[in-house]
Amino acid sequence: MIKELHVENYKSLKNVTIEPGRLNIFLGANASGKSNFIDCLDFIAKIHRFDLKPAIADKMGYHNICFRRHRRSKGDILVNLVCEYDKPTPGVIKLGINDEFRIGVGSEKIKAGFEVKSEKIGIKSRPVERRRTTEEITLERTNSKIKFNMSESLKRLAEASAHQLETLYNSMKPGEDELIAPKTLWSLAPAHVSFLSGLQVLHLSPIHCKWPTAPMPNARLGFFGDFLPSTVDFLLENDATKRTVEKAVEKLEIAVPTIKTVKTHYTDEKKLSLTFVEKNDVPWKSYEVSDGTIMLFALLVALFDDRSKAVAIDEPENSVHPWIARTFIDICREASGEKQIFITTHSPVLADAARYDELFLVERENGETSIAKAADKFPEFEKTESFGELWLSGAIGAVPPSQIEFQFTD
């Protein structure tokens, strides 16, 4: 899981450092930078899923993601990830990763290309047979110069050392717009790349969740909830994953007690769609159920799909009844034992449902977003009964600027 994330110059994240836990809830006003934080997680995931160039192209170019207060981008984007994994492979007790890269452009011209200016990778692993020994691999890159080091304990493992050295040196010929880490870490630390590439980022829309979709292998939810029918169909067709849908339906029953099961069916256009079956066996097509029902079901599928070990959800309260939204946070807390969860919201209901140590306060001043843990910034409010009311009062910030004045005219 991500233990620390430091970001510089990504959209409004001029200089932000957070230390997330298993469940993390980000409170802030509109335009405070919550969605930019979620977008940064999506950028990191796509780098490890597709590589750097496709990730930047997906974000519509470097100038579209770099912090700017003027006409063109000037600063470099820097991302530093500190991650830790328990028992990532059978022979390793703990794996620690420090993964950092800096990218920038050579000029302010809109067509200027980006380049990787520096990159650092640190790997620490503790094998089962040597509980008190930590094996280390470090790699540093500045422009085209690369330095590599391996701990003595690892060098003594001749077979493993030769294999890992060969893997590293074969991948250490990147272009100026390519990163070493995604390719190298697939061999040296597959748990890390699997975690980040599988990080799912969602901003669900009930319309997209209801759309029929074509069947596809290994289907996953899209950003807006696209491919929900295909995802459910894939999960139900596999014995190893069908429990995901069953758990989602069980939790859905808490909010919609009449629901018995959810199935897929083919439309006349040979596409997959969802059918919600009530306990009296009355079926309802996805376009007939409420927006809140389809949204909650999609959220639950994302939470319980164990193909992903991390999920970031932007404003899950949309279209969902406040009582259901509160229950959803309790379900998230239960699911966070197996999955790291990031949630952004401006709902006082979700703030009330959170624990104080799960809350992060997001504010924006002079175009720069700041993110602080509520428990660290305002420890005196830890035992407050209603965090939602406390937040709305403005006592802990993360609200619209108080200097805004509204003028009413006849």
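Reader: What is the relative accessible area of Glu250?
Author: The model is predicted: local features need pLDDT of at least 70 and side-chain atom pairs count only at pLDDT 80 or more, while totals for chains, interfaces and linings use all residues. Residues are numbered from 1 along each chain as its sequence is written, and side-chain values use heavy atoms, with hydrogens and water left out. Glu250 is classed as partly exposed, which means that it falls between buried (under 20% relative accessible area) and exposed (over 50%), using a 1.4 Å probe and protein chains only. For Glu250 the value is 40%.

Reader: Which residue forms a salt bridge with Glu250?
Author: A salt bridge needs a side-chain nitrogen of Lys or Arg within 4 Å of a carboxyl oxygen of Asp or Glu. The closest N and O atoms of this pair are 2.8 Å apart. The partner is itself partly exposed, at 39%, and is Arg243.

Reader: In which helix does Glu334 lie?
Author: Glu334 meets Lys251 in a salt bridge with an N to O distance of 3.1 Å. The pair links distant parts of the chain, 83 residues apart. Helices are DSSP runs of H or I with at least four residues, and strands are runs of E with at least two, numbered from the N terminus. Lys251 belongs to helix H10 (residues 242–255), and Glu334 to helix H12.

Reader: Are Lys46 and Asp42 buried or exposed?
Author: Their side chains meet in a salt bridge at 3.1 Å, N to O. Both residues lie in helix H1, four residues apart, or about one turn of the helix. They also belong to a salt-bridge network that includes Lys11, Asp39, Asp58 and Lys59. Both Lys46 and Asp42 are buried.

Reader: Which are the edge strands of the open sheet of six strands?
Author: The order of this sheet is E9-E13-E14-E3-E15-E16, with mixed pairing. An edge strand pairs on one side only, and this applies to strand E9 (200–202) and strand E16 (368–373).

Reader: At about what angle does the direction of helix H1 lie to that of E14?
Author: Axes are lines fitted to C-alpha atoms, for helices over the stretch in contact (heavy atoms within 4.5 Å), and angles run from 0 to 180 degrees between N-to-C directions. E15 and E16 of the sheet pair in the antiparallel sense over six bridges. Helix H1 (residues 34–50) packs on this sheet, touching E15 and E16 among other strands, and its direction makes with that of E14 an angle of about 150°.

Technical notes. Two strands pair if DSSP finds at least two bridges between them.
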